[in-house]
Amino acid sequence: MNTFPDDHPALPSPDELAATFASLAGWEARLRHLIQLGARLPALAPAQRLDRDLVQGCDTPVWLLHRFVAETGRLRFQADSDARIVRGLLAAVLVAVDDRTPAEILAFDLGVWFGRLGLLEHLSASRRDGVRAIVAAVQAVARRYA
């Protein structure tokens with residue numbers, strides 16, 4: 001069984017993250033902040049990096065784990081990758097979806113979220129495809145519990 005943190009205390013709220021990105025001047029500053037955000041994610045132990053949890057459609061391996069908390073009706077997520085930028089993108093996804101109900105996750109437009117952060121237009125085509133794959137994986141999990 002995977003061990004999940006009670007929360008991701010090192011990650012900001014969605015509003016805090018959006019405000020920080022809005023205050024940053026230029027893509028380089030956003031990229032630096034994204035990498036720093038990814039460094040805050042707890043790393044998965046090697047035993048947690050199972051093939052069944054790999055996100056299909058990403059150029060670099062991405063693991064997405066989840067658990068449904070029946071008492072609250074919310075989904076908890078953990079994610080990891082060895083690529084620094086991808087870890088940052090995963091952290092941005094977790095800020096938006098972790099500890100939300102399946103209905104909240106399905107109603108939340110992650111494409112708009114990444115647009116609000118000003119990230120998608122600066123990513124390579126393969127990274128954009130990877131973000132779409134991560135979003136699709138999160139939404140597929142949410143649909144299973146909706």
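Contact here means heavy atoms within 4.5 Å of each other. The model is predicted, so local features need pLDDT of at least 70 and side-chain atom pairs count only at pLDDT 80 or more, while totals for chains, interfaces and linings use all residues. Residues are numbered from 1 along each chain as its sequence is written, and side-chain values use heavy atoms, with hydrogens and water left out.

In soluble globular proteins, nonpolar side chains tend to be buried together. The largest nonpolar core of this model has 41 residues, and Phe-77 and Trp-113 have the most contacts inside it. A nonpolar core is a set of buried Ala, Val, Leu, Ile, Met, Phe, Trp, Tyr and Cys residues joined through side-chain atoms within 4.5 Å; buried means under 20% relative accessible area, exposed over 50%, and partly exposed in between, with a 1.4 Å probe and protein chains only. At least two core residues come from each of α1 (14-23), α2 (27-39), β1 (62-69), β2 (74-81), α3 (84-97), α5 (110-117) and α6 (125-145). Helices (H or I, at least four residues) and strands (E, at least two) are DSSP runs, numbered from the N terminus. Helix α3 gives the most to the core, with 11 residues.

The expected span of a helix is 1.5 Å times one less than its number of residues. For the 14 residues of α3 this comes to 20 Å, which agrees with the 20 Å between its end C-alpha atoms. Within α3, Val-95 counts as buried because its relative accessibility is 6%. Val-95 touches Leu-11, Pro-12, Ser-13, Pro-14, Leu-17, Arg-100 and Trp-113, leaving aside residues up to four places away in sequence. Just after α3, Asp-99 takes a positive phi of about 65 degrees, although Asp-99 is not a glycine. Asp-99 sits in the loop between α3 and α4 (102-107) and is partly exposed, with a relative accessible area of 33%.

Helix α3 also meets helix α6. Their axes come within 11 Å and cross at roughly 35 degrees; axes are lines fitted to C-alpha atoms, for helices over the stretch in contact, and angles run from 0 to 180 degrees between N-to-C directions. The crossing is right-handed, a term used when the near helix is turned clockwise from the far one by less than a right angle, whereas anticlockwise gives a left-handed crossing. On the α3 side the contact is made by Ile-85, Val-86, Leu-89, Leu-90, Val-93 and Val-97, and on the α6 side by Arg-127, Val-131, Ile-134 and Val-138.

Helix α6 itself has 21 residues and reaches 31 Å from its first C-alpha to its last, close to the expected 30 Å. Its buried residues include Gly-130, Val-131, Ala-133, Gln-139 and Ala-142, and the buried residues of α6 pack against β1, β2, α3, α4 and α5. Leu-110, in helix α5, is buried with a relative accessible area of 1%. Leu-110 touches Ala-96, Val-97 and Val-135, not counting residues up to four places away in sequence. Leu-110 and Val-138 are 28 residues apart in sequence and 10.0 Å apart from C-alpha to C-alpha.

Aromatic rings come next. The structure holds two aromatic pairs, where rings of Phe, Tyr and Trp (its six-membered ring) pair if their centres lie within 6.5 Å, and planes under 30 degrees apart count as stacked, over 60 as edge-to-face and the rest as tilted. Phe-68 and Tyr-145 form a stacked pair, because their ring centres are 4.8 Å apart and their planes lie at 10 degrees. Phe-68 belongs to strand β1 and Tyr-145 to helix α6, so the pair ties together parts that are 77 residues apart in sequence. Phe-68 is partly exposed at 31% relative accessibility, and Tyr-145 is partly exposed at 30%.

His-33 lies in α2 and counts as buried at 14% relative accessibility. Residues up to four places away in sequence aside, His-33 touches Leu-17, Thr-20, Phe-21, Leu-24 and Arg-40.
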